[in-house]
Each structure stands twice: as structure tokens, then as C-alpha cells.
Amino acid sequence: MRSEFLVRLTALTRKEARQMLRDRSNLMVGLLLPVALILLFGYGLSFDVRDAPVAVVLDDNSAIAREAVAGIEGSRCLSPVYVDTMARAEAMLQSGKVDAIVRVPIDFSRRQATGSATIQLILNGIDSTTATSLDAYVSASVSNAMLRRMDREGAAPHRGSITLMQRTWFNEAGISTWYLVPGLIVLVMTLVGAFLTSLLIAREWERGTLEALFVTPVRPLEIVLAKLLPYMVVGLVDLATCLLAARFLFHVPIRGSLFAIVLASSLYLAVSLLLGLFISGRTRNQFAASQVALLTSFLPALMLSGFIFDLRNVPVAVQVIAQLLPATHFMGMVKSLFLAGTDWMMVARNCTILAAYAFVLIFATRRTLRKTLD
């Protein structure tokens, strides 16, 4: 009895092993995905802040004032960008080119001699985690610079004291929900888009109904658009739900143009839907299409778009990969539109990129539906 059991178990195990080896998509998920996640989280992603751009405005250009901010240049976490005027620094902060502004007032030298000197620090609060880290780094850099000067000159402690006047823009209260909810819109658009449409064409290939369309005058482009438009309506309903929840349920301010948010979201939704259609037409298998959609759309949008990690803190190779993802361009834009206001140059640049992705995917999906039977 035991020998018969072992014979049957061995035969079944061999059969399952052969099936597993033939199913390359499952094998890749089981073997390569854990390795990729280990390497990505271990080497590629980090919560640390490195080389964060900081605008430095020296209204007082004296030697003492320059020395007070000299510690910023020596920090591996900060990358100072010297600008002439506060107006230019504010514009850079709003467009996301810098993460903070350090302003030395015009009376800094005079007030420093009496121990009442102040330096203004303005933080970009869109990413509250980065803002908190920058506050600590700038404070430490300024304090260390003045301590070195006191040690060198033997000055009294009160003569070297500096007060850092900190303010946070765009998310004054540091509420994490304000940072997370706009990013969730990206994930929802990705999930609704890629996953819903990744099964459409594959399902018709498996059922044999697509061949019936090939004998009609219908063109591939018409098939693509016909499958796209109904799910665009579903995605726009989901977008409206997200916007209403963000405004009235989570009380996230919408400081930018609502038209720009809807336009950018519609373009990204179209890109996600077309990506799902392309995957579906290319794989022609529902199970494989769902796996590929997960690996190429949702997971990259979650980990490499800037939703969780600041992309400037990751290796260059990961940054290059992230810039190739449509979600990366949409993520930064929608967060700025919600919290910082409308920078039309940024909107135009990123919407152009998304539109280019949409046209490329329309052409690629159309190619998968050529009227040839394999």
C-alpha cells in the first residue's frame, strides 16, 4: 500500500513539475520577483534624504552671513542653490525645483553681534517626511557652522546664537493624509486602468470571438477605441469619487486648477487603459495578462513613482527607470496641483509626455490586432 502511494505521489509530482517548468510566467514570478524586490528595497529605495536642493538667499552678503550657511555646502544631505532674490526662490519652491529656502535677512550681521540673529527656513510640506528631515539637517548645519566660529574666535556663547525661524508651505500642519491621498489617485487610476482592460482582448482570443470580428470590415483602431471608451467612463467616475473623497472626506485642499487635475488624470487613465489593452493583445491569455499587468503597472506605480520614496535619493539607474514610467510624471504633477497650485509649464510638460505615451500605446495595441490568424 505504501509503495503504491509513493508511486502515485512521484508520478503526480513529476507531472506538476513539468507543468511548472513549461509555465514560464509563473516560474518567473516565483523566482525572479523575490530577487527583484530584495535588490530594489535593499539597494534602490531609501527613506534617507541626500543632496536635497535648498535655495539660499543672502540678503546680507557679509562674511559672517556666508559663514552661517557654509555648513549647508558641507552636508551630504543638502545641495545649496544660491539665488539673488526671494521671489525667484519662492517660484523655485512652488515648482518643486527646491525643497526648502534658507534666507539670511539683511540685518543679520548687526543682530548677530547682540545674539538675536535669525535665519528664515521655509520648507516644502508636500512631502512631510522630507520636510521634517530637512528641518533637522539645516538646523544642524547652521548650528555647527556657528559653533566652529565661536571656537575659533573664542566668542561668548550668546554672541554666536542664531534662531532658525521655520515655516512650512503647502502642508502647514504636516498632515500625512494630504500627502497620501493625491498619490492614491494615481494608484486607483493605475489599478482601474491596467487591470480592467488587461483581460479584454485576451478573453476574446481564448473564446475565439475575436476571429469573428476579423471577417468584418471593422478596423483594429476601431476595436481599440471601442474597448477603450466604456472604461474611460468608468475611470472618470472613479476619478470623481476620488476628488470628492479627497475634498470632503479627508479635507485635502485643492489649490491648483481643477481643470488641470481632470485633464492630467484623463490622460493618465487613457495611458493605463491602453497599457492594459496592449498587454492583453500581446499575451492572449487572461492569467498571463493579469500577472504582466501587475508587474508592469501597479507595482512600479507603487514603488517607483515617488509615492513612497523620494526618487532623488535612489541610485541613478533606478531614477532612469522611474522616469520611463508614466506614473512618475503623473504623481509629481497631481501632488503639486493639489497642494502647491498650478504651474502651467509643469502641467504642459507632463501632459505632453502622457499624451505621447497614449499615442504610442494606441499604435502598439493596434498592431496586436492585425487581421492575421496565427
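This briefing describes charged side chains, their salt bridges and a surface patch in a predicted model. Residues are numbered from 1 along each chain as its sequence is written, and side-chain values use heavy atoms, with hydrogens and water left out. Because the model is predicted, local features need pLDDT of at least 70 and side-chain atom pairs count only at pLDDT 80 or more, while totals for chains, interfaces and linings use all residues.

**Salt bridges**

- The count comes to 3 salt bridges, where a salt bridge is a side-chain nitrogen of Lys or Arg within 4 Å of a carboxyl oxygen of Asp or Glu.
- R103 pairs with D59, their closest N and O atoms lying 2.7 Å apart, and this pair links distant parts of the chain, 44 residues apart, with R103 in strand β3 (residues 100-104) and D59 in the loop between β1 (52-58) and α3 (63-68); strands are DSSP runs (E, at least two residues) and helices are DSSP runs (H or I, at least four), numbered from the N terminus.
- D107, R110 and R111 are linked in a network, in which D107 meets R110 at 3.5 Å, N to O, and R111 at 4.0 Å, N to O.

**Exposure of the paired residues**

- R110 counts as exposed at 58% relative accessibility, whereas D107 is partly exposed at 22%; buried means under 20% relative accessible area, exposed over 50%, and partly exposed in between (1.4 Å probe, protein chains only).
- R103 is partly exposed at 28%, as is D59 at 30%.

**Positive patch**

- R219, R282, R366, R367 and R370 gather in a patch of positive charge on the surface, a patch being made of residues with over 30% relative accessible area and no salt bridge, with like charges joined within 9 Å and nonpolar side chains (Val, Leu, Ile, Met, Phe, Trp, Tyr) within 5 Å.
- R366 is found in helix α16 (residues 344-368) and is partly exposed, with a relative accessible area of 37%.

Technical notes: Accessible areas come from the Shrake-Rupley method with a 1.4 Å probe; for residues, only the protein chains shown count as cover. Lys and Arg count as positive and Asp and Glu as negative; His and the chain ends are not counted. The place of a charge is taken as NZ of Lys, CZ of Arg, CG of Asp or CD of Glu.
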